[in-house]
Every structure is written in structure tokens, then in C-alpha cells.
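Subject: Handing over the structure

Hello,

Here is the structure I promised to pass on to you.

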There are 2 protein chains.
Amino acid sequence: MQIAIVLYPEFTALDVIGPYEVLSRIPGAEVVFAAHEPGDVADATGSLLVSAMALDDVSRPDVVLVGGGPGQAGLMADGPVHRWLRAVDPTSTWMSAVSTGSLILASAGLLGDREVATHWLATGQLAVLGAKSTSDRVVIDGKYATAAGVSAGIDLALTLAGLIAGDEVAQAIQLIVEYSPEPPYASGTPESASPRVVERVLARRDELLGTT
Amino acid sequence: MQIAIVLYPEFTALDVIGPYEVLSRIPGAEVVFAAHEPGDVADATGSLLVSAMALDDVSRPDVVLVGGGPGQAGLMADGPVHRWLRAVDPTSTWMSAVSTGSLILASAGLLGDREVATHWLATGQLAVLGAKSTSDRVVIDGKYATAAGVSAGIDLALTLAGLIAGDEVAQAIQLIVEYSPEPPYASGTPESASPRVVERVLARRDELLGTT
């Protein structure tokens, strides 16, 4: 089972590495990082450089995962990443996205009017692209599996691991990565965070979505 | 504020990228990935290659973070990574470790008999090194901050972000990375997982710790 993780400049690191840590532990899984331009791809912070092969050299992945990040804004107009996504979609078992990665799947025309999760800052943008945005953290609609912002990719990946390899395998992976979260604050959603904290993040919306 | 993330061959990706995603968002933070041998460093799965500078070129980091992974077993005998850790310890503000990364700090002689968190599979090994292992997910003992296995690094990093930059900054980071976890199973600790799942993971202990 080949899992292709799509990278592009200014991706958000945890969007893809959370799922990678889980999915790569499924027995028989082979994971590749791939980008339109092969070589080192820099994340949004610019400190992390991940080596990627060429998307064109990945022709028949079983699972595709697209993360989000400010760089997604550069992938809204149709281009080679979209063409690759459409080319591998018919033969893939799962097409998945984390955070604003779902905007990329949507702009490639793959999501239609499906139910889709995305980063809470991007639900409006997703609606513009025609998909039905939800506030669920993980959404499975047919073979299209999407997650809310950044860290939700871990929950998505454990869900997928269960669907692909069974509950016991997924539970063993959860135990290996000791995923029994204890966030020190309850500020993980706009509903639970204080209004001041929500304001603070909303003020940076364009920067975070890459739409400046 | 410079944050140095220590890499070595066969590190566990999420151990370092979870904290990276949080810590790099602290205002004024500059993060560097560094390894004894600079260049691309491969993670435990071998699919992820991260570009690292030389540890020797990082002389005065404010925060140090060491992740775990099977490669930790190659870092138990004293060597250049330990010498670097001891060299930067006196001037750093925080020395932190995730999962079996705490074994590396302990083997460098930095932890003494402090209270320390580590991966649940490694508590015995940590005790052999003289530290007091706890079942807490995050432990702050003086300037030494440690986390339980893999995903616990996210909780550690949010805790550190609060201590470094204040609660409101940490809460805004939590909201940006939408860290409001909903694990699809309750198998994240040996206490909550089923006995069959615990057995399954225990059978792979040496492989996971790199002690085969």
C-alpha cells in the first residue's frame, strides 16, 4: 500500500507529519513525500526542509494526503498539482486532506458538494469552492477523508488506520504514539477559546491562510 | 530566542515536529534543526529526510529539544551529541525532551535524579540511568522539561509556550493548530488500551526502542 503525502512550498509541518507518524505504522505501508518540484521543500516557517520526490514519479498511490498551510493560496488556480490529484483519484482508495489541504482538493474539483472538514479559519473559503463545510473534526464522505486544522490530522489518520487495517492495529498505533492528549489549555476551538484569543488569531487570518 | 531541535538517524518524526509546530509560533522564536552530522537526516521509517545544520554551529541556543526514536539506542554511550548537550546546558533557558529523548538527556548526565517523563515503554531504562520516571504526560523540573511518548510533545510545547510567552500566546497557538483532540479510540496509554493491544506493542518493545 503506497501512501503519497503531497508537499508544496509553505506547507504546515504538523498537518502532514501527524498523519505520517500514524499512517506509516500501518503494516505494509510505504510512504512517499512528493511535490511538483522535487527536492527540498520548505515549510511555512522556513526552518524545516523536507526532501520530496516528483509527483510525476508517483503514478498510482493507494492513499493520498494533502496538508494545509499558507502555501495553499498559491494552489487555488488550476495547475500541475491539481492535474496530478485528478489523475490519481480514480485508482486511489483514499483521498485525504488536513486543514486547508481540503481547499486544494476542492479547487481540483474532487470534492463536489461533499461534506468536508477544514481549518476553522477557512470554512467560508471552502463554501465558495462548493463543498459543504462542517464543524466536525474528522469527516469521512465516501473515499474522501478530511480533517479540521493542523493537529486534527492525527485524529483523521487514526480513523483511516482503523478503516484500512482494523481497530486493533489502529489502537496499537495510538498506544505506540501515546496519543492520550492532555492539552494544558482549553483553547483548541473558536468556541472554547476566550474572545481575546479568538480576536488575536482572526487578526492574522490572511497571514495564516496565505491570502495576504 | 533560538530553539535548537536535535536530530539523529532514526528519530521519530512526530516527537520533534509536534513541538516544532508549536514552539516556532512563539513570537521572536527562530528554530534550527541540528545534528552531529549535518545534511539530510532520515527518520525511523526512512521516508522522511529533514535537512539539518551541524550541532557544532549552534553554540548558544535558548531552548533545546531532543526527540526520541529507535535511534536513541545509538546515543546511550557518551559521544559528541552528549558533549554538545553538556556544552549548551549552562547557558540555555530550557532543556527539553520528548519520549525516549529523555534517555539521551539522562545519559548525557543532565538529569541527575530529577523527575522525568518518557515513553511508557522506556520507564525502566530511564530508572537505570538514575532519573525518577513518572507516569505524568508532561514534567517540568527546574529548567528540564520532559514529555511522555511521541504525541505528548505537543502538550509539552504548549506548556513551554505558556511559560515562555504567557498563557494568551500559548492559547492562540493552540487555536491556530486547532488542538482540541478527539482520538477515535481510548488506547493512548497502557492503562486504557485493551490487554491484547498492550501485548501487541510490548512484543515490539526492542524494535520500537531500537534495542534489538
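Contact, as I use the word here, means heavy atoms within 4.5 Å. With that in mind, Ser96(B) touches Val64(B), Leu65(B), Val66(B), Leu105(B), Ala145(B), Leu156(B) and Leu160(B), leaving out residues up to four places away in sequence. Ser96(B) sits in strand 6 (residues 94–98) of chain B; helices (H or I, at least four residues) and strands (E, at least two) are DSSP runs, numbered from the N terminus. Ser96(B) is buried, with a relative accessible area of 0%, where buried means under 20% relative accessible area, exposed over 50% and partly exposed in between (1.4 Å probe, protein chains only).

Some background before we go on. This is a predicted model, in which local features need pLDDT of at least 70 and side-chain atom pairs count only at pLDDT 80 or more, while totals for chains, interfaces and linings use all residues. Residues are numbered from 1 along each chain as its sequence is written, chains are lettered from A and ligands numbered from 1 in the order in which they are written, and side-chain values use heavy atoms, with hydrogens and water left out.

Now for chain A as a whole. Its secondary structure comes to eight helices and 10 strands. The C-alpha trace of chain A spans about 45 × 40 × 35 Å along its principal axes. A compact globule of 212 residues would have a radius of gyration near 17 Å, and the 16 Å of chain A agrees with this (taken over C-alpha atoms; the rule is 2.2 Å times the number of residues to the power 0.38). Of the 212 residues of chain A, 59% count as buried. Among the contacts in chain A with a separation of 6 or more, 64% come from residues 24 or more positions apart.

Next, two residues of chain A. Ala117(A) lies in the loop between strand 7 (115–116) and helix 4 (123–128), and Ala117(A) is buried, with a relative accessible area of 0%. Beyond its neighbours within four places in sequence, the contacts of Ala117(A) include Ser99(A), Thr134(A), Asp136(A) and Ala148(A). Leu208(A), in helix 8 (residues 205–209) of chain A, is buried with a relative accessible area of 14%. Leaving out residues up to four places away in sequence, Leu208(A) touches Gly69(A), Pro70(A), Leu121(A) and Val201(A), along with Arg25(B) and Ile176(B).

Which elements do the buried residues of helix 6 of chain A pack against? They pack against helix 1 (13–23) and helix 5 (152–165) of chain A, together with helix 7 (195–202) and helix 8 (205–209) of chain B. Helix 6 (residues 167–176) of chain A is mostly covered, with eight of its 10 residues buried. Glu178(A), whose phi is positive, near 45 degrees, follows helix 6 of chain A.

Last comes helix 5 (residues 152–165) of chain B. At 1.5 Å a residue its 14 residues should span 20 Å, and its end C-alpha atoms are 20 Å apart, which agrees; the expected span is 1.5 Å times one less than the number of residues. Because 11 of the 14 residues are buried, helix 5 of chain B is largely enclosed by the rest of the structure. The buried ones include Leu156(B) and Leu160(B), which are also among the residues that Ser96(B) touches. After helix 5 of chain B comes Gly166(B), with a positive phi near 100 degrees.

Enjoy looking around,
Your colleague
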